[in-house]
Amino acid sequence: MSDPCGDPSWRYFPQTNSCYKLIDEHLPWTIAEFKCLFQGAHHVSIDSPEENQFVHELSRWSEIWTGAAFFGKDMHYVNSDGSRYGLFENWKDGRKPPMNRARRCIKMDQNGEWFQSCCKKKTSTVCEKKASYSSYGSNSFRFMRHRS
């Protein structure tokens, strides 16, 4: 069986049928998203406790960007890959903080919990892309995550 990610620098997670890669450079959110885009990916969009744990371990328990942010006057988070935000959240203290225009992006901390951050601050990121084939035998290649 060949590597579903097609590159050993990416890690496969069967629960999401996605491949993940740590970009261990300290970059602002937008530049980190471009780094992911150049590799056919986006910032990670976390949709379950299991995926949160997998990404946390892949980050080597360091602070990273997630794909969630809000832009303009719309005070709702969106994921950079276009998938629906909010299927899972893991905020510090167990509750979503009030929206803060100065902190529009979401980071994961060393404990795997989320917090708001200024998007211009620099940190590492984890990129996510769909696997080049499904672990269930499908040969379809999907560029975007599931949309609702």
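**Overview: how the cysteines pair up.** Counting bonded cysteines along the protein chain, the disulfides follow the pattern 1-2, 3-6, 4-5. A disulfide here is a pair of cysteine sulfur atoms within 2.5 Å, and the count comes to 3. This is a predicted model: local features need pLDDT of at least 70, side-chain atom pairs count only at pLDDT 80 or more, and totals for chains, interfaces and linings use all residues. Residues are numbered from 1 along each chain as its sequence is written, and side-chain values use heavy atoms, with hydrogens and water left out.

**Close-up A: C5 meets C19.** Here the S to S distance is 2.1 Å, and the link is left-handed, with -100° about the S-S bond.

**Close-up B: C36 meets C127.** These two sulfur atoms sit 2.0 Å apart. The torsion about the S-S bond is about -80°, so this disulfide is left-handed too. C36 and C127 are both buried.

**Close-up C: C105 meets C119.** The S to S distance is 1.9 Å. This time the torsion is about 100°, so the disulfide is right-handed. Both C105 and C119 are buried.

**Close-up D: C118, the cysteine without a partner.** C118 is in no disulfide, and the nearest cysteine sulfur, that of C119, is 6.3 Å away. With a relative accessible area of 25%, C118 is partly exposed.

Terms used:
Buried < 20%, exposed > 50% of the residue type's maximum accessible area, 1.4 Å probe, protein only.
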